[in-house]
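Hi everyone, thanks for coming.

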Amino acid sequence: MATATQAVPLTEHVSKYVAKTRQMLINGKWVDAASGKTFPTYNPATGDVLANVAEGDKEDINRAVTAARHAFDNGPWRKLSPGERARMIWKLADLVEKHAEEFAQLESLDNGKPLTIARVADLPGTIEMFRYMAGWATKIEGNTIPLVLQGGGKFLAYTLREPVGVVGQIIPWNFPLLMAAWKLAPALATGCCVVLKPAEQTPLTALLLGELVQEAGIPDGVVNIVPGYGETAGAALAAHDKVDKVAFTGSTEVGKLILKAAAGNLKKVSLELGGKSPNLVFNDADIDATIPGAAMAIFFNHGQCCCAGSRLYVEDKQFDKVVDGVSQLASKIRIGNGLDPSTDMGPLVSEEQLNRVCGYLESGYHEGAKAAVGGKRHGAKGYFVEPTVLVNTNEKMKVVREEIFGPVVTATPFKNIDDLVAKANDTEYGLAAGVWTKDIAKAHHVASMLRAGSVWINCYNVFDPALPFGGYKQSGWGREMGHEVLELYTEVKSVCTPIA
């Protein structure tokens, strides 16, 4: 693996942004934490402190929830017409587009991902998510319902779809800005008010987004942004009895803690959690297209994707060719600072994540796995791990069963479909899967048997605001994006009156 070294110069705005201690947004005001505490966010390419940020905790969450509660119950947001809300959300999208380079640079600095990827993936996805949901603001409808047990009377019966209320949103560090958009856009479109807690590892783009929320004209208190740690700010938000719903994206382990915390007032919960997604390659696949597709499925965003194709199953006749091809591509990946335009893969997000991934590699070796390529930390500074293909694996190994969340794929041969599907589904997760074959009937047959919320055929990691995303089993509850996401942020009210 080559190392990239040259960095793109930061814009003046970004340089000034990270030089100043960032505050939190509560009720339209930028304020310090009630405790006065701050915490550092680090540049994962160097391990150095990047910026300092106000450290929210229970008191700050309470202030933010109070502001959101007032904005929802008494403020103008629900009283605005759907068209007015739509125009503000669309304006927010335009503002993000205007500041796209600043967001991309901040995302690369704070998360470590290549600037080139932030420009072509994170930012377009964010902008289009806001625009897509702006369109839905004017299309949220109820139904009229003919009654069957009216006893001879005549009734007008209909349903209303109304905003769920105050929503606590907790987002992860792997796609910080994009995940903020996935959460904020539908909440705003449906008329909810929000307290957003960004991941403590990557708070900067969410806070910059807060500035644009104000510039877009969205009223005070509708969007509040409180950075802080999960065990303090996140836990307080999930447990707060004035929050009507909590939406969380992150690990399954933390998702279960969110669920327990939410039980106090039985708030609604949606969860987009972990994955250990199988990527299935048949002998009749177009191997020239499959090899780069399988590599991208695991190495995109350094493998820090909940839907990463981290279990590669290849039919026996093509196994050696596919493993060799993916390994060759992995060996050519240029590792380095995300701001270097030649970088293909940046660092993992934190030292904690570096140690986690390296720990899984050691576990795999201890249990008999071998690295066909990569397999260790890259360099001595920053949080870099080599893109890795593990062979000689079996279903009992931790590297096969547990989510690693790094650039590590296990490769296993198979001989028949029934055995393959059983192995693919033998996991507590069910987020995504890939199927590679020229036989379209077989592709759809296998897709129908896979217990996963997304199945990509002869492709991988295809996302769109119109395409629902979420998981089966312990990969979560509910669906992000598409019209299905409206279910997460609305309540249905039945209304009935006699008319004769």
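Let's start with Leu147, which is partly exposed, at a relative accessible area of 35% (that label covers what lies between buried, under 20%, and exposed, over 50%, with a 1.4 Å probe and protein chains only). Before I go on: this is a predicted model, where local features need pLDDT of at least 70 and side-chain atom pairs count only at 80 or more, while totals for chains, interfaces and linings use all residues. Numbering runs from 1 along each chain as its sequence is written, and side-chain values use heavy atoms, leaving out hydrogens and water.

So where does Leu147 sit? You'll find Leu147 in the loop between α5 (115–136) and β6 (155–163); helices here are DSSP runs of H or I with at least four residues, strands are E runs of at least two, numbered from the N terminus.

Now for something buried. Ile61 is in helix α2, residues 58–73, and counts as buried because its relative accessibility is 0%. Beyond neighbours within four places in sequence, Ile61 is in contact (heavy atoms within 4.5 Å) with Val195, Val226, Ala233, Ala236, Leu237 and His240. Ala330, by the way, is 269 residues from Ile61 in sequence and 43 Å away in space, C-alpha to C-alpha.

Last stop, a helix pair. Two packed helices are described by the angle and the distance between their axes. Helix α4 (residues 100–111) and helix α7 (residues 204–215) pack at about 155°, axes 9 Å apart; axes are lines fitted to C-alpha atoms over the stretch in contact, with angles from 0 to 180 degrees between N-to-C directions. The contact involves Phe103, Leu106, Glu107 and Asp110 of α4, and residues of α7 including Leu204 and Leu212.
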